[in-house]
Every structure is written in C-alpha cells, then in structure tokens.
Amino acid sequence: MNKKGFLAWLSLLLSSLLFASYVSASGEVLSVNASSATTIEQATGNQVRSFPHAYSIDSLVNGKIVKKVFVSFARNTDPPQGPSIDAVRVSTDGGQTFPTVIQDLQTMNMIKKRDGSIVSVRFDTFPVSGNPYQVTSTYFTSTNDGVNWEQPDGVVPLTGTVTSGSQIDWLKFHRGIIELNDGSLLAPLYGKYVGDTKSRSVLAKSTDGGVNWNIITTIAYNPNLYVTTDTAFEGFDETSIVRCADGTLLAVMRVGNTRYPLYQSRSNDNGANWSTPVKLPGQPDSNIYSVDPALLLMPNGILVLSYGRPDNKILVSEDGNGTTWTNMTTTYTATSSDNTGIAVLDTNRLIQVGDTGASWNYDLTPFPSPNPFSIWKKTIDIVRNPLNKIDLKKKYEQGKISVATNMNLTDAAHPEARVEAAFDGSTNYWASAFKDNTAGTATFTIDLQKNYKLSNLGVSLKTGYAESANIYFSQDNVHWGDPVKTFTNKTHYAMEYTTFGVPITARYVKFESTSPGAGSALNEIELYSADDTFENDSLGPQGYTNLSLAMVAGFGYESRRSLRLDDNSTDAMARATKIVSDATLSKTLEFYVNPSAISTGILFDVLGQVTSGTTTIYHLLVGTDGSLSYHNGSAWNLLAGTAGTIPLNTWSKVRLDAKLTTASLYVNDLLKGTITTYVPAANVLKLDGYTFASGGTGTTGDTFYVDDVSFREFNSTTDTFENGTVGTVPAGYQDASLTAFVSTDRAFAGTKSLHLNDNSATAIAAVSKYGDAADSKVLEFQLSPAALASSFLFDILGQVTSGTASVYHLGVFSDGSVHYYNGSAWVPIAGVNTVALNAWNKIRVEANRTAANVYVNDTWIGTAGMYANPANVQKLNGIKFTSGGTVPVGDDVYVDNVIFGGY
C-alpha cells in the first residue's frame with residue numbers, strides 16, 4: 001500500500017467500466033474474459049474507499065451451498081504510519097450482490113480452516129514495549145461462516161504475537177494463509193529486522209490456530225538486488241504465497257514502485273527453504289510492474305496473479321505452478337491505488353475487486369467533488385482446454401442425472417460435505433463427497449441418463465492427501481471394462497485433466513477408491529462432451545466465426561450456460577457460424593433451441609462446399625408462430641402442420657439429417673418433413689458447417705438460446721445383407737475372395753449375413769468396402785464366430801500419402817481376446833473370452849486420425865493405436881474384414897448389421 005498521485009479520474013473511470021473481453025490462443029489457456037466493472041461500495045461525503053481484498057468460502061445459505069464472498073476495504077488514506085480503518089462487504093449469492101456491511105474487519109489474510117472456523121489476521125502489527133524480538137498481531141475469528149465475529153463492530157480485536165529470532169524493526173502481514181495437514185498455519189510477512197537496509201520477506205508459523213506466530217525462515221532478503229540509490233527500490237515486500245498444483249509453495253513479491261518488476265521464489269518443503277528469487281518468468285519487465293501481488297489457484301488448475309501499478313492486471317500460469325506466466329490482461333486503467341483482490345467463484349471463474357480515485361494527497365484539501373472513491377468488482381473467466389463441460393451440478397439439481405454411492409458422509413460442522421459436492425465447482429477440502437469410517441470400498445457412480453461422447457475427464461481426489469482410485473465408463477452399468485483413468489498415491493490441490501484421443505461413449509461413470517482404510521474422498525469430477533455445451537466457454541464461444549450480437553449467456557438446457565443470439569440492432573443480424581474441417585457427404589445437425597422472442601424469425605442453415613466455394617446448402621426458418629419453413633432457392637416453403645412446433649420459452653430438440661440432395665427435419669424426435677436444398681443439388685460437393693441467425697438485418701426483437709450443438713457425419717445406412725444374393729459378394733463390397741459371400745446359415749436379426757469362411761491354404765477370406773472420406777469414422781457390426789483357428793481381422797482403411805492402406809488393424813484371436821497391430825507387433829486390448837464363439841457380439845470402433853476406441857457389446861475395452869504412420873494419414877475411408885491368414889485354415893465367421901459412417 002504505497003503512494004500514487006491523484007489524477008483526473010472521471011473520464012478514465014467511465015471508460016474502464018465498459019465490457020471487455022481479452023482473447024489469447026496461448027496453449028492451454030484459451031482466453032481471459034473480464035466482465036464490466038460494477039460498484040459495490042461508494043464513498044460519500046469526505047470519506048475514502050481504497051485497498052480492497054477478497055476471500056470466498058463454501059457456505060450453507062438458505063439450504064443451499066453457495067460461494068460466500070468477503071470484500072474488505074480501507075476507509076482512510078494510506079498514511080506512512082498507523083493502522084487502516086476497515087470494513088467488509090459480504091455477498092451470499094456468489095458475488096452478484098454485496099448487501100451486508102461489517103465494520104472494522106479485514107480480509108487480506110483470511111482463511112477458513114478445516115475445523116470450520118475462520119480466522120482473519122490484520123495487516124498491521126504493533127511493537128511490544130521492552131521486547132524487540134516480538135510484535136503484537138490482531139485478528140478476528142468466526143465459527144458460523146462469518147455471520148458473527150469475535151470481536152467485530154469497533155471493539156478492540158483479539159491479540160496475539162509474532163516472535164522472531166532477530167530484533168524486529170517493523171513487520172506487516174500480507175496475503176495468503178496456508179493450512180498444513182497437521183492444522184498449523186503459515187503466513188507471509190514483510191518488513192525489516194534491526195540493521196536491515198531494505199525490506200525482507202519472511203514466513204511465520206502458527207500452531208494455535210492463528211493466535212501466535214513464530215517466524216521460521218526468511219523467504220527473500222537482498223539489499224543489493226539493484227545497485228542503486230533510487231529509493232523506489234524497497235527490497236522484498238508485499239508478499240503473497242499460494243499452494244501450487246504440484247504441492248510446492250510459491251511466493252510473489254514486490255521489490256519497488258512503478259518501475260520495478262515482481263519477483264517469485266519457491267519452496268519444495270512447506271516453507272522451510274526457498275529458492276533464490278527471480279523475476280516472473282515468461283514476461284518482459286514492463287508487463288510485471290510492480291505492486292500488491294495476489295495469488296490464487298483456481299479449481300481448474302490455473303494459477304492466477306492479480307497485481308497493479310500501472311493499471312490493474314491479471315497473469316495466468318497454465319501448469320498451476322508459476323513455471324511461466326502468460327495472457328497478461330489489463331482489467332482496469334483509471335486512477336486507483338492499483339491494489340486488487342481476487343477470490344474463487346467457480347471452477348474457471350473468479351471475482352476481482354479494485355478501487356477508484358485513490359489518492360496519496362493525505363490532507364485532501366479541498367476534497368474532490370464528486371467523491372471519486374469507490375470499490376468495484378468484475379467477474380473474470382479463465383477459459384482453458386478442455387471445453388464443453390457437462391453441467392453436472394445443474395443436472396443433479398434438476399434431477400436429470402442420479403448418483404449411487406456410499407460416499408454420503410454428512411457433518412453438521414461442515415455442511416459443504418455432501419454427495420453433490422463432487423461437482424460443485426469447488427476444490428476446497430470439505431467440498432467433497434466423503435466415505436464414512438465403515439468398511440467397504442468407496443464408490444461413486446453417476447448415471448447421466450443417456451449416452452454421451454465423453455472427450456475429457458477432470459478429477460480432484462482428497463484435497464491435500466495422497467489417494468489411489470480408478471475411473472470407469474460404462475453404457476449399461478454392468479460391463480465396465482478397464483479403467484479409463486488410474487490414480488496411484490496422487491495428491492491433488494486442483495483438477496487434473498485427461499483427454500481421450502477419441503471420445504468414449506458412456507452413460508455411467510464410476511469412481512472407485514483403491515486406497516486402504518476409510519475416509520476416502522472425491523473432491524471434484526468433471527465430464528466433457530464432444531458436443532458444444534458452452535459451459536466453460538468464453539463470452540464469444542471458441543470455434544465460432546462471423547459472431548454478431550451472439551455471446552455465451554447464463555442460461556442453458558439443463559445447465560447454466562448456452563449461446564444467446566439477441567438481435568437488438570437495425571444495422572446487423574444476430575449470427576454465429578461454425579465451419580468444421582471434416583467435410584462429408586452427409587451430416588446431422590442437432591441442437592436445443594429456446595426462443596424468448598420471435599419478431600421476424602429464427603434461421604438455421606447447413607453450409608457446404610459447392611463448385612464455386614462455400615455457401616448455404618439448407619436454409620430453414622422458425623416463424624413467429626413457431627412454425628417451420630425451408631427455402632428452396634426461390635421461395636419459402638411452409639412445412640404443413642408445424643405451427644407451434646417451436647414454442648417460446650421452452651427448450652426444443654431440433655435435428656436435421658442432411659445429405660447432398662435432401663434432408664429430414666425432426667423436432668423432439670418427431671419427423672416434421674423432408675426438405676430440399678437452397679442451391680442446386682447438382683452443385684453440392686460436401687457439407688461442412690452451420691449458422692444460427694436472427695430473421696433479418698433491418699428488424700429487431702429476435703432473441704433465442706442454442707445449446708448442446710452437435711454436427712457429425714450422418715449414418716444413414718446399415719448393411720443387413722437381406723437384399724443380397726446368397727453365395728455372392730454383397731453389393732458395395734469389393735476386393736473379395738470366393739470365401740466371402742452372403743449366407744443364410746446365420747443372421748443377427750433377419751435371415752442373411754456376410755459369411756467369411758477360410759477353407760483354403762493358399763488364400764484368405766477377405767472383403768472391403770469404401771465410403772466417404774472423413775477425419776473420424778465409426779465401424780460397427782455384429783460378429784458371430786463359428787470357429788477361429790487363427791483369428792478374425794477387421795481394419796479401418798484410410799488415405800495415406802502413398803495411396804490407400806490399413807490405418808487400424810485389429811483382430812479377434814482364437815481365445816476370444818482382442819488385439820491391435822501397431823506396425824511391428826500385436827498389442828492386447830482385452831483378454832480371453834471377450835468375444836464369445838457361436839454368439840452374436842457387437843463390435844464398435846470409433847476412430848480418428850490419432851487413436852481408436854474399441855467396444856464389445858457396448859463396453860469400452862480399450863484404445864487401439866495405429867497400424868499406419870499417423871503423420872501419413874489424411875482421411876479414413878473404408879473397412880476390411882479378413883480371416884487370420886493363409887495358414888492355418890478354419891477361420892469361419894459371420895458378420896451382420898455393418899455400419900461405417902460418422903460418430
């Protein structure tokens with residue numbers, strides 16, 4: 001808290017309150033998005049408001065667990081000597097409003113301990129007469145989540161001591177109390193020992209809950225860091241510490257005012273020893289000036305630094321450890337103290353608070369008018385990969401998912417511990433689902449109520465403690481296969497993410513602890529979809545272009561977010577477009593839509609490649625009466641009987657199964673009609689995108705929400721072989737030997753199937769089929785092996801730099817095990833009897849140009865690697881079934897209900 005001259009503030013203040021979005025494509029962090037600033041405390045008369053700090057906790061309010069946010073601020077200037085006079089604003093709705101005021105309380109060093117109590121240690125300390133090795137600290141405590149404090153409202157606060165082995169000149173507490181697993185507390189201070197020529201940063205420890213502290217080490221002291229007579233170089237002060245994602249402690253420190261960069265130091269042993277301080281890595285000096293750093297580890301594993309002077313800024317560390325700092329974002333530029341505070345609101349959202357008009361002119365004579373002093377807040381989203389989170393919290397609240405678990409420990413002292421804590425967006429210790437002390441393995445099974453294509457998984461186990469666990473996926477809650485993720489003696493302080501090379505299809509997700517003993521915990525689990533859910537997206541959604549009057553909004557289908565298109569301009573349409581790289585001959589566009597107002601219409605198009613470029617292929621309209629129409633290139637055509645099909649203020653599921661010439665339109669899974677193209681069908685080459693838009697440019701008033709958008713290759717045919725001629729190669733198949741033919745000996749559902757019978761020592765039974773080339777494909781079929789002397793092989797083919805070749809080469813061996821060939825050796829995926837003889841087995845391979853997920857009877861059994869060099873693979877375009885080889889003979893299998901298309 002140091003000095004900055006008072007500048008003209010009003011025009012800068014107004015400009016800083018405008019909405020801002022700061023987008024970066026740097027690695028894992030996709031964007032840092034700051035909302036507009038809103039005032040939560042305005043000074044009146046001749047009062048001052050400055051130096052804000054923030055802290056949040058999980059708290060039970062009106063029967064629900066919410067983020068309770070405390071924002072403290074000084075009500076006086078920053079004089080060279082003397083304590084600040086503080087107050088706190090409190091929010092019980094996740095930082096939206098701050099109606100409650102508590103006088104004479106400070107949140108710079110506040111912590112909710114694991115025993116449920118809160119302690120808040122004040123910034124200032126005071127000399128102890130006759131004892132140069134000790135100063136007095138002051139603190140407040142609360143045992144009911146900050147509703148009542150001991151001692152609030154101007155009463156002299158509780159006092160403790162800070163003791164050092166060196167004589168103390170002066171000391172100040174700064175930011176970041178950390179609780180160790182034994183209940184002791186660590187806190188940073190800065191100041192001077194007697195004889196110091198510059199400030200030093202030290203670490204203190206309390207073993208009695210924050211009452212008394214002992215300085216255990218110096219974090220940093222180097223009066224010669226800058227050889228200069230410049231008094232702006234202060235030494236190491238204003239220290240903030242944080243527990244990083246890897247468990248280390250990181251300290252970030254101020255060393256001077258305005259033109260000196262921030263420094264950082266690390267401890268690998270809970271603060272006993274610290275590395276030599278270095279300037280923040282990854283940024284030029286000019287980006288890391290200069291004061292009041294505040295550190296925060298987000299639940300999503302991103303480490304955030306808020307600081308200032310000049311201006312207010314944010315930096316992020318993608319690995320959660322401060323290894324390097326990226327995405328420098330200026331969040332406020334008007335006159336202020338440039339002191340800020342930050343606190344967690346959700347997995348990827350924080351609140352930042354700052355001040356306006358802060359002046360170092362202590363007498364303030366005459367007092368400026370109008371009063372420039374206030375405290376503001378902003379919400380900031382730190383958007384990282386993965387995107388498209390499934391909103392488990394909202395779905396659970398609405399009864400759209402269910403949980404079966406024995407991890408249902410409740411504790412009146414810790415109401416945040418409950419089943420739904422496993423997806424509440426908090427990685428605080430007690431915000432977890434806990435197993436009680438009874439015997440038995442801790443399990444937690446989520447029923448998503450339908451199959452999802454799960455692209456990523458996020459997990460945080462018992463916060464701060466080593467734990468072992470497995471995560472399983474299943475489609476039927478019976479067959480689980482191998483774990484999709486295994487943790488062994490893993491200690492988490494934030495989410496750990498796993499990306500699947502190919503999304504895994506699953507309805508059920510199970511956590512199973514493998515740690516011995518009782519007390520297992522699932523702190524947080526996140527699931528991510530291959531569809532666009534917008535849940536943890538930026539304000540302008542990633543992957544969409546031509547954005548106009550379209551942004552992510554706080555309302556969704558069984559969720560808290562969706563894409564909102566709001567046409568409030570006569571100069572533009574609301575619009576959002578997405579083009580995919582995987583252009584194919586057929587596509588399914590599926591989404592949920594909820595119109596709040598239709599004054600002209602809602603448009604949704606499927607785009608595609610034509611001989612002259614990319615254009616609209618299908619052009620559809622939701623009318624003001626909720627009816628459906630399509631444009632055939634010359635006129636709108638109303639689909640009969642569709643008035644009221646898309647009602648206002650209701651979520652409707654829309655699906656368009658599109659080919660190059662016609663498309664079928666479904667609403668809530670009911671067919672509404674078949675439509676034709678907007679352009680001549682003969683010109684259409686591929687389908688590759690879609691657009692949502694309002695009804696027109698000159699009109700206003702169309703407002704609607706879109707959610708859970710998917711755009712995939714349309715699987716329109718299943719090869720049942722019922723129309724094939726017995727004894728011949730089925731239509732559409734090629735490269736066949738005489739021992740691959742249509743047969744009536746066995747069939748899955750009808751009367752015929754494809755029979756591969758290797759009865760020759762000089763040839764193999766083989767057949768191939770080619771289709772539309774794409775980046776991703778699914779091969780699904782029913783297999784009934786009558787005999788496996790060697791194996792049954794099934795390949796996914798693709799275009800490579802040298803032509804067409806097997807990209808994935810898989811096999812069912814004679815013992816019923818499943819393997820893939822990696823180019824040099826067979827690698828097992830699943831063990832013996834995975835595929836049964838003389839029974840129908842459903843085989844499914846979901847493949848892209850990286851990896852393939854393999855399922856047997858709807859159970860994920862593992863991931864197959866490529867047979868071809870991935871660098872050479874351009875597209876996937878075919879399938880191949882063969883017997884195991886020329887010798888031995890006797891592989892005899894039946895194949896039915898073959899699907900090869902998109903997924």
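**Strand, sheet and core**

Reply: Leucine 779 stands opposite valine 845 in β59. This is a predicted model, in which local features need pLDDT of at least 70 and side-chain atom pairs count only at pLDDT 80 or more, while totals for chains, interfaces and linings use all residues. Residues are numbered from 1 along each chain as its sequence is written, and side-chain values use heavy atoms, without hydrogens and water.

Me: How many bridges join β54 to β59?

Reply: Strands (E, at least two residues) are DSSP runs numbered from the N terminus, and two of them pair if DSSP finds at least two bridges between them. Here seven bridges join β54 to β59 (residues 841–847), and the two run antiparallel.

Me: In which order do the seven strands of the open sheet lie?

Reply: The order is β51-β52-β63-β54-β59-β60-β61, with antiparallel pairing. Because β51 (740–743) and β61 (859–864) each have a single partner strand, one side of each is left without a neighbour in the sheet.

Me: Which residues touch the most other members of the largest nonpolar core?

Reply: Such a core is a set of buried Ala, Val, Leu, Ile, Met, Phe, Trp, Tyr and Cys residues joined through side-chain atoms within 4.5 Å; buried means under 20% relative accessible area (1.4 Å probe, protein chains only). Of its 42 residues, Leu779, Phe781, Phe794 and Phe881 touch the most other members. Apart from it lies another core of 41 residues, Val552 and Val593 among them.

Me: Is serine 776 buried or exposed?

Reply: Serine 776 is buried, at a relative accessible area of 15%. This residue is found in the loop between β53 (766–774) and β54 (777–787).

Technical notes:
Buried means under 20% relative accessible area, exposed over 50%, partly exposed in between (1.4 Å probe, protein chains only). Helices (H or I, at least four residues) and strands (E, at least two) are DSSP runs, numbered from the N terminus.
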